[in-house]
Amino acid sequence: MNRIELDSNYCCGCSACANVCANGAITIKEGERGFLLPFIDEDKCVGCGLCKKVCDFKKVGQMDNNTLHAYSLVHSDEDTLKNSTSGGAFTALSDVVLKFGGKIVGALMEDDFSIHHVITDDSFLRNKMRGSKYVQSDMSDIYTSIKDTLNSGCKVLFIGTPCQCAAVKSFFALKSENLYVVDFLCHGVPNNKMFKEHINFLEEQYGKKIVGFSFRDKRYGWGSYNSINFNADGTIDARWINRAYCNFFLANLSLRDSCYNCKYRSLYRPSDITIADFWGIEKLAKKYNHAGVSMVLTHSDKGEELLNQVKSQCEIVEYPLDRVVYRMNDKPVTRPNRYAAFWDIYKVEGYSALVKKFFDNSFKSRARHEIRKIAKLLRLC
Ligand SMILES: Cc1cc2nc3c(=O)[nH]c(=O)nc-3n(C[C@H](O)[C@H](O)[C@H](O)COP(=O)(O)OP(=O)(O)OC[C@H]3O[C@@H](n4cnc5c(N)ncnc54)[C@H](O)[C@@H]3O)c2cc1C
């Protein structure tokens, strides 16, 4: 049979298969645990095999990166740096494409806390894309808009997880001249269902309506995973309990099945440029900006040319590859021992039971966190 196999271990939920199907036989829906999966209507499937052909996740072989350079990047504009997760690489790169009349495709958090990819040529909406959202972004509606924009001869900068970038590259393989693909070093992705439940859980805890959420607000410094929620009454909360969701993410408990089989965690990437937090920069540079530093890897001449055009707005330093290679993971994350129990409890008892049973709320854990924070501050002084 030609059609894709529905093994969630090898499906990253990119929606390329649903978008390539001319018969509308594939729809993307939330599976039992909340992760996006393709569902096939057997009556509409004609067995053409296009869905299988476009799926990059199962393709084997080395990615064809022809250039590989590593840089640190810090945006010169203070406001941009403050509102970016790392050093503002996304804003700098997307500004170039906007300047040439192109469009930016990135992940946006809506008022109802849905995360999905949108396309824009407006810098205000582009700014709203900033901020790492540790949730899989829904791409099911974005392919047609990218296709229309590329067909009109405009440039497009797409940013997403490596698997989303691979999907876009595979889908637009024949139209890639004006397409810039930027991925980031990706720890993995939890799903939108669990994130919304986290918001509901916090609303119950605080007795307040939450209208916004930041996974990594820089008011507590770059590198802090202290998440903040913004309340309808104009107040903010950054309590310990906010950390529960990010804690599950960092402990590899809440990631989608395919993240444990990710083939993109290597130096060779399905993109023109890779961006990331430049953790460990203090070991490479005597002085660096404590407000955030991006690591940038260029993988193609196109990526290198794009980076060249941001030099006037950013401080950029090149590093020999062997000095940054420690940042590149060559293996997928592993499922922790508690993984099965985590999902069993979620299924039977729901999100609040996960917080009670899997989130370390003890005095010892909070104290350890505070000590680490102080030690980091002292190191920076
Ligand atoms: C799920 C996830 C996991 C990550 N894991 C790591 C990691 O392990 N190590 C590391 O060094 N860096 C990781 N990053 C990248 C890092 O957090 C920064 O996003 C990156 O360094 C860009 O910084 P910036 O200052 O240019 O970004 P910003 O200006 O804050 O822009 C962030 C960009 O990422 C896009 N984006 C945000 N959330 C998502 C999403 N859920 N799906 C697709 N695109 C999204 C936005 O559209 C925006 O373009 C991760 C990011 C995400 C979203």
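1. Start with a loop residue. Asp 43 sits in the loop between β2 and α2 (50-54). Asp 43 counts as exposed because it has 7 C-beta neighbours inside 10 Å, and the limit for exposed is 12 or fewer. Asp 43 and Asn 19 are 24 residues apart in sequence; their C-alpha atoms lie 18 Å apart in space. The model is predicted, and these values are computed from it.

2. Overall build. The protein chain holds 15 helices and 13 strands. Its C-alpha trace spans about 60 × 55 × 40 Å along the principal axes. The radius of gyration is 21 Å, which agrees with the value near 21 Å for a compact globule of 381 residues. Buried residues account for 38% of the 381 residues.

3. Contact range. Take contacts in the protein chain between residues at least 6 apart in sequence. Of these, 68% join residues at least 24 apart.

4. Domains. The assignment gives three entries: domain 1 (8-54), domain 2 (69-189 + 256-327) and domain 3 (192-238 + 342-380). How many Å separate the C-alpha centres of domain 1 and domain 3? The C-alpha centres of domain 1 and domain 3 are 34 Å apart.

5. Ligand shell. There are 31 residues around the ligand, and Ser 84, Thr 85, Gly 106, His 187 and Ala 276 come nearest. Which elements each supply at least two residues of the shell? They are α4 (89-99), β4 (103-109), β6 (156-160) and β11 (273-277). By residue class, the shell divides into 14 nonpolar, 14 polar and three charged.

6. Nonpolar core. The largest nonpolar core has 78 residues. Leu 93, Leu 157, Phe 158, Val 182 and Ile 275 touch the most other members. Helix α7 (residues 162-171) gives the most to this core, with six residues. As background, nonpolar side chains tend to be buried together in soluble globular proteins.

7. Positive phi at Ser 15. Most residues other than glycine have a negative phi. Ser 15 has a positive phi, near 75 degrees, and is not a glycine. Ser 15 is found in the segment before α1 (16-20). Buried or exposed, given the 23 C-beta neighbours of Ser 15 inside 10 Å? Ser 15 counts as buried, because 23 C-beta neighbours lie inside 10 Å and the threshold is 20 or more.

8. Positive phi at Asn 252. Phi of Asn 252 is positive at about 65 degrees, and this residue is not a glycine either. Asn 252 is found in the loop between α9 and β11. With 19 C-beta neighbours inside 10 Å, Asn 252 counts as partly exposed.

9. Leu 267. Leu 267 is found in the loop between α9 (244-250) and β11. Leu 267 has 18 other C-beta atoms within 10 Å, so it is partly exposed. Which residues does Leu 267 touch, not counting residues up to four places away in sequence? Leu 267 touches Leu 68, Val 325 and Met 328. Leu 267 and Val 189 are 78 residues apart in sequence, and their C-alpha atoms are 20 Å apart in space.

10. Ser 140. The loop between α5 (123-129) and α6 (143-151) contains Ser 140. Ser 140 is partly exposed, with 19 other C-beta atoms within 10 Å. Not counting residues up to four places away in sequence, Ser 140 touches Ser 15, Ala 18 and Ile 28. The pair Ser 140 and Ile 28 is 112 residues apart in sequence, with 7.0 Å between the C-alpha atoms.

11. Ile 40, strand β2. Ile 40 lies in strand β2 (residues 36-40). Ile 40 counts as partly exposed, with 17 C-beta neighbours inside 10 Å. Ile 40 and Ile 28 are 12 residues apart along the chain, and 8.9 Å separates their C-alpha atoms.

Note on methods: Residues are numbered from 1 along each chain as its sequence is written. This is a predicted model: local features need pLDDT of at least 70, side-chain atom pairs count only at pLDDT 80 or more; totals for chains, interfaces and linings use all residues. Helices (H or I, at least four residues) and strands (E, at least two) are DSSP runs, numbered from the N terminus. The radius of gyration is taken over C-alpha atoms; the globule rule is 2.2 Å times the number of residues to the power 0.38. Two residues are in contact if their C-beta atoms, placed from the backbone, lie within 7 Å. Domain bounds come from an automatic or database domain assignment. A residue is near a molecule or strand if its C-beta atom, placed from the backbone, lies within 6 Å of it. Ala, Val, Leu, Ile, Met, Phe, Trp, Tyr, Cys and Pro count as nonpolar, Asp, Glu, Lys and Arg as charged, and the others, Gly among them, as polar. A nonpolar core is a set of buried Ala, Val, Leu, Ile, Met, Phe, Trp, Tyr and Cys residues joined through C-beta atoms within 7 Å.
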